[in-house]
Amino acid sequence: MRTGHNILVGFRQRWQLMLWLEVALYALGPAVLIYLVFNNVLWTVITLLLVGGITAIILKPWKKSLESIASYIDLHLDETEYSTSLLLTSEEHLSTLARIQQHRIKDILVAKLKTIKPPHHILRGMVLASICILIGLAIHKYNLFGSLQNSSQPKITPEDIVFKATDSTAVSQSPPKLIQQELRVTYPSYTQLPSSATTKMDIKAVQGSRVFWKIQFDKEIKEVTIESSGNRYAMKLVDGAYTGTTVLNTSGFYNFKFTDLQNNSYVSDLYGIEVTKDKNPTVAIKGIKQFTSFDFNQDKKVSFTTTITDDYGIEDAYIIATVSKGSGESVKFREEKLSFNNKIIKGNKNMSLSKNIDLDQMKMEPGDELYFYVEALDRKRPKANIARSETFFAVIKDTISDTFAVEGTMGVDLMPDYFRSQRQLIIDTEKLLKDKSKLSTQEYKSRSNELGFDQKVLRLKYAEFMGDESEFGGTAEGDVESPEHEHEHEDHHEEGHEEEDPLAKYTHKHDSENEHNLVEEKKKDPLEEYLHNHGDPEESTLFTQSLKSKLRQALNEMWDAELYLRLYTPEKSLPYQYRALKLIQEIKNSARIYVHRIGFDPPPIKEDKRLTGEIDKVLGYRKTEELTQEDPYPSIRVAIARLEVLISEKTMLTEDDKQLFGQAGNELAIKAIEDPGKYLETLQQLKWISEDVTVPQEALIVLQKGLLTALPAIAPNPAKKEQQFSEINDLLVKELEIND
């Protein structure tokens with residue numbers, strides 16, 4: 001059970017915790033502000049400790065005594081009757097009345113102490129911290145104190161440019177000394193990067209940046225030049241200092257060279273130029289499949305979201321949409337440039353844009369197709385980097401026209417319009433059998449009879465295509481009566497001998513009266529002038545003679561299928577329908593056009609020369625050609641051989657040697673750009689030798705080793721090698737030959 005003393009201690013701890021939290025908020029805001037402005041961890045820690053310490057001294061959270069806690073409770077809780085201090089006294093020192101009052105106060109505090117809140121200003125601390133953080137974020141984003149940020153960076157000891165005399169023996173007095181050096185880089189305006197200045201001569205900047213050099217000597221000199229990739233650029237004298245400028249486009253190396261008034265030349269170390277290219281924007285489309293199709297009665301809208309990112313900011317983004325109408329040679333294309341629903345804020349590095357494309361507003365009709373992709377441009381100047389997304393497709397299904405083609409290989413489309421109807425008849429028949437239990441007998445027979453009629457129409461179409469519809473559609477098969485038979489039939493009805501047709505209730509009227517109109521008697525064939533034997537019904541077909549038998553078999557199968565459908569037994573009709581479909585598929589595959597394969601046609605064999613073994617007149621063809629690959633490092637190989645001579649004979653360098661080592665340096669610079677840590681020292685030594693700088697013998701040996709490591713490994717070349725045999729080996733071979 002909690003005592004009165006413990007209750008007061010708990011209230012004091014809660015009060016102190018709130019005060020310490022208030023101290024932390026007051027210290028956190030300025031510390032974050034300093035970090036965002038100056039990007040310096042040390043200053044941030046100092047600010048945090050300093051502001052926190054001052055705030056803690058003012059608020060004094062540790063000085064809250066129990067007496068002050070009791071007084072605060074008495075002021076804010078009338079039920080205590082200013083008797084809370086009794087809880088701080090032990091019961092042995094209290095009278096009976098005081099003990100009763102003490103227990104009463106304890107019960108009141110247990111019940112109502114939670115209603116009293118310790119005094120604090122946490123909300124004010126949160127507001128001040130939020131304001132400081134927002135100010136820091138604004139300064140950091142817009143770089144309002146760029147100079148302060150640069151000045152806050154830890155200063156690195158400047159690397160002074162070290163010059164060496166090309167001919168130390170000719171120097172009669174102390175060389176000029178460098179008293180000032182500065183490298184300033186101005187980045188392209190579209191990058192929104194501030195200019196930077198440093199005393200280090202190694203350069204790392206964005207492509208298109210402008211570099212300014214400024215060096216000053218303690219004495220008057222004759223000229224100063226910058227050498228890079230075999231080129232020399234003279235520096236101008238401005239206000240006692242030599243300056244130079246250039247625009248960075250490629251990576252490489254450079255060095256300084258100056259000549260004093262006594263015509264003594266001095267050359268510096270090599271410094272690297274690392275040029276980073278502006279990356280293309282990245283474009284990603286989300287929320288849509290790459291291929292989308294719509295029915296004509298659907299809501300034809302394409303909605304998607306595009307995410308675009310770039311390293312230095314996005315200039316513009318749009319949608320290129322192309323609508324295609326028609327097919328074949330009559331296809332037409334219409335290209336449109338669409339904007340996004342969101343407003344594009346130029347300069348943002350990350351964008352999320354949305355778009356809803358209404359195909360109806362694009363004036364698309366059934367069968368039309370829409371191709372679209374997103375194109376984004378960054379802020380690079382003078383020519384922006386362009387990136388595009390993948391192409392997405394949207395199609396409105398065309399249910400009006402459905403043409404058939406066989407693999408696109410036929411010169412003329414010889415297939416009839418109803419080539420796929422047999423498959424549909426099979427589907428409808430299977431559906432009828434599945435729904436048999438749900439249908440009445442009359443409806444079941446009616447649908448079976450209708451399928452039989454559809455099978456009949458399909459058979460007549462194939463018979464028309466065969467060119468012998470009179471044979472399969474005439475009275476010989478009981479299908480279509482001739483006009484003479486019709487008159488006889490009509491006369492027969494007039495005489496009163498008409499019999500009732502048991503299928504009349506389930507058949508169509510035109511099954512008997514107008515059935516011959518299903519096939520036009522005088523239909524002009526568009527291919528008539530290209531075919532032969534037009535008058536012979538056995539030959540008047542668009543197929544070859546080998547396909548006619550298969551088509552006849554298909555027609556016979558259709559006859560049987562129709563028969564069982566008319567007899568209301570569709571389950572017996574299905575096997576015939578399947579066999580008819582199989583024959584139709586074989587006909588379709590056989591109707592393709594193939595190109596004859598052309599191969600080697602050997603000359604005829606002369607029987608009198610066969611198997612004689614005489615090959616004196618047989619001439620073979622042999623082509624000999626030596627393939628040579630251009631050596632990318634010819635000067636380095638020659639320089640290695642020349643160094644071997646210089647090391648062994650200890651001779652002096654000639655002008656040809658200087659030129660050779662200069663060319664070798666240009667070849668090595670290509671590899672040094674990719675791996676400067678491995679080849680930079682070797683490149684520096686080559687530069688000194690080409691400038692006639694005195695190099696000791698030990699340095700020549702190190703230089704030769706460095707050039708050898710720069711050469712690529714030689715691929716093994718298979719060749720026949722001669723092996724030497726000793727006398728013992730020769731005796732062993734002879735003994736083996738004798739005893740073999």
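Biologist: Which residue follows H2, and what is its phi?

Modeller: Lys60 follows H2. Its phi is positive, near 50 degrees. Keep in mind that this is a predicted model.

Biologist: And how far does H2 reach from its first C-alpha to its last?

Modeller: It covers residues 41–59, 19 residues in total. The reach is 27 Å, close to the 27 Å expected at 1.5 Å a residue.

Biologist: What caps the N-terminal end of H2?

Modeller: Asn40 does. One of its side-chain oxygens lies 3.0 Å from the backbone nitrogen of Leu42.

Biologist: Which residues of H2 are buried?

Modeller: Thr44, Thr47, Gly52, Thr55 and Ala56. Seen down the axis of H2, they fall within an arc of 150 degrees, so they line one face of the helix.

Biologist: What do they pack against?

Modeller: Helix H1, residues 4–38.

Biologist: And what is exposed on the face turned away from the buried side of H2?

Modeller: Leu42, Leu49, Leu50 and Ile57 are the exposed residues there.

Biologist: Switching to H13. How many residues does it have?

Modeller: H13 has 16 residues, 634–649. From first C-alpha to last it reaches 23 Å, close to the 22 Å expected at 1.5 Å a residue.

Biologist: Which of its residues are buried?

Modeller: Ser635, Ile636, Ala639, Ile640, Leu643, Leu646 and Ile647. They cover an arc of only 140 degrees around the axis, which puts them on the same side of H13.

Biologist: What covers them?

Modeller: The cover includes helix H14 (655–674) and helix H16 (697–710). On the other side of H13, Ser648 and Glu649 are exposed.

Biologist: What comes after H13?

Modeller: Lys650, with a positive phi near 55 degrees.

Biologist: Now the sheet. What is the order of the three strands?

Modeller: S13-S15-S18, in an open sheet with antiparallel pairing.

Biologist: Why is one side of S13 and of S18 left without a neighbour in the sheet?

Modeller: Strands S13 (282–286) and S18 (350–358) stand at the edges. Each has a single partner strand, so one side of each has no neighbour in the sheet.

Biologist: What does the twist average?

Modeller: 25 degrees from one strand to the next.

Biologist: How many bridges does S15 make with S18?

Modeller: Nine, in the antiparallel sense, with S15 running over residues 301–309.

Definitions and conventions:
Residues numbered from 1 in each chain as written. Predicted model: local features only at pLDDT ≥ 70, side-chain atom pairs only at ≥ 80, totals over all residues. Heavy atoms only, no water. Pairing = 2+ DSSP bridges. Helix = DSSP H or I, 4+ residues; strand = E, 2+ residues; numbered from the N terminus. Axes fitted to C-alpha atoms, helices over the stretch in contact; angles between N-to-C directions. Expected span 1.5 Å × (residues − 1). Buried < 20%, exposed > 50% of the residue type's maximum accessible area, 1.4 Å probe, protein only. Arc of directions from axis to C-beta. Contact = heavy atoms within 4.5 Å. Polar contact = N/O pair within 3.5 Å; in protein donor to acceptor, adjacent residues only side chain to side chain.
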